Amino acid sequence: MDDESLPSVCVLDASTYVGFWILKGLLSRGYTVHAAVQKNNGETEIEKEINDMEKEEERLVVFSVDVLDYQSVLFALKGCSASFCCLDSADGYDDLMVDLEVRGAINVVEACAQTDSIEKIVFTSSITAAIWKENICLEADVDERSWSNQEFCRKLKLWYALAKTQSEQAAWALAMDRMVNMVSINAGLVLGPSVTQQNPRTTISYLKGAAQMYENGVLAFVDVNFLVDVHIRAFEDRSTCGRYFCFNQIVNTEQEALKLAQSLSPLISLPPRYEHQGREVHADRLRTKKLNKLVEGTAYL
């Protein structure tokens with residue numbers, strides 16, 4: 001496909017860690033990108049990079065939006081054929097932030113439904129929207145049909161998992177009601193360049209309950225470049241539908257857990273002179289049958 005024939009697409013919120021890498025991936029493939037940046041107090045490192053890129057990249061247009069302001073979202077979407085919706089709180093998560101993220105997701109999906117040019121929403125969610133419930137350890141397979149239990153998340157104060165569960169469910173309900181074509185990418189813990197500096201609070205929020213995730217065989221991570229590729233494939237492949245778990249590896253041995261912790265230093269600190277035994281192996285439960293089909297080139301229903 002020639003660059004000139006590629007449609008314009010919107011990334012919202014482009015100032016999140018995942019959103020920024022999706023933005024760069026789309027530009028590298030020749031797309032014209034509307035970078036919708038959530039208004040914050042002060043300019044973050046990622047926002048500065050986006051503003052600098054706009055001066056050099058003619059296919060990049062930056063929009064300042066408030067996801068709770070429906071009209072600002074509509075303005076950013078104008079003329080785009082797809083919306084990559086990746087909402088994350090730069091300030092971490094609590095019960096109030098759960099509500100704000102749900103309201104933001106509803107606004108984005110409704111704005112997409114009212115934008116005639118939009119053909120598909122690619123909604124970034126999380127594996128934590130599928131793994132938090134009683135007795136997950138008794139399930140042999142955990143796949144895209146699984147949802148986290150909201151009351152269980154509230155009881156353990158897993159605000160990040162609750163936000164991702166509620167916002168994704170709200171997005172799906174509205175997309176189906178409005179007959180909007182949507183797919184969701186349920187990502188594992190996102191790793192990549194400068195992640196501890198540029199995405200610290202989201203990373204820490206994801207890892208709340210990491211010990212239980214590890215013991216239950218559902219602690220998984222994904223490289224941000226692979227995650228970006230899956231998002232773009234999900235947009236370009238017309239046969240994609242539903243949810244897609246997206247991760248590179250499940251952490252199920254002590255050695256792998258130690259390696260993950262070291263890669264996230266100094267966000268995660270290890271006890272002095274820590275030595276792993278490396279003997280226990282936890283059964284992994286997450287399945288990626290749909291993802292495998294998508295990456296191989298054929299989406300799977």
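Q: Which residues do ring pairs link into a cluster?
A: Start with the rings. In this predicted model, Tyr-31, Phe-84 and Phe-235 are linked into a cluster by ring pairs.

Q: How many aromatic pairs does a search of the whole structure find?
A: The search finds seven.

Q: What describes a pair of aromatic rings?
A: Two values do: the distance of the centres and the angle of the planes. Take Phe-63 and Phe-75. Their ring centres are 5.6 Å apart, and their planes stand at 75°. Planes over 60 degrees apart count as edge-to-face, so this pair is edge-to-face.

Q: Where in the chain do Phe-63 and Phe-75 lie?
A: Phe-63 is in strand E3, and Phe-75 is in helix H3 (residues 70–77). The two are twelve residues apart, and the pair links distant parts of the chain.

Q: Is Phe-63 buried or exposed? And Phe-75?
A: Compare the relative accessible area with the cut-offs: buried means under 20%, exposed over 50%. Phe-63 has 13%, so Phe-63 is buried. Phe-75 has 57%, so Phe-75 counts as exposed.

Q: How are the rings of Tyr-160 and Tyr-206 placed?
A: Their centres are 5.7 Å apart and their planes are at 55°, so this pair is tilted. Tyr-160 belongs to helix H7 (residues 159–178) and Tyr-206 to helix H9 (residues 200–206). The pair therefore ties together parts that are 46 residues apart in sequence. Tyr-160 is buried at 7% relative accessibility. Tyr-206 is buried too, at 3%.

Q: Which charged residue sits over the ring of Trp-21?
A: Lys-24 does. Its charged end is 3.8 Å from the ring centre. Look also at Arg-243, which lies over the face of Trp-147 at 3.5 Å from the ring centre.

Q: What does the side chain of His-231 make a polar contact with?
A: The partner is the side chain of Thr-124, at 2.8 Å. His-231 is in helix H11 (residues 224–236). At 0% relative accessibility, His-231 is buried. Residues that His-231 touches include Ile-22, Phe-84 and Val-122.

Terms used:
Residues numbered from 1 in each chain as written. Predicted model: local features only at pLDDT ≥ 70, side-chain atom pairs only at ≥ 80, totals over all residues. Heavy atoms only, no water. Helix = DSSP H or I, 4+ residues; strand = E, 2+ residues; numbered from the N terminus. Buried < 20%, exposed > 50% of the residue type's maximum accessible area, 1.4 Å probe, protein only. Polar contact = N/O pair within 3.5 Å; in protein donor to acceptor, adjacent residues only side chain to side chain. Contact = heavy atoms within 4.5 Å. Phe/Tyr/Trp six-rings, centres within 6.5 Å; stacked < 30°, edge-to-face > 60°. Lys NZ or Arg CZ within 6 Å of the ring centre and 35° of its normal. Lists of a residue's contacts leave out its neighbours within four places in sequence.
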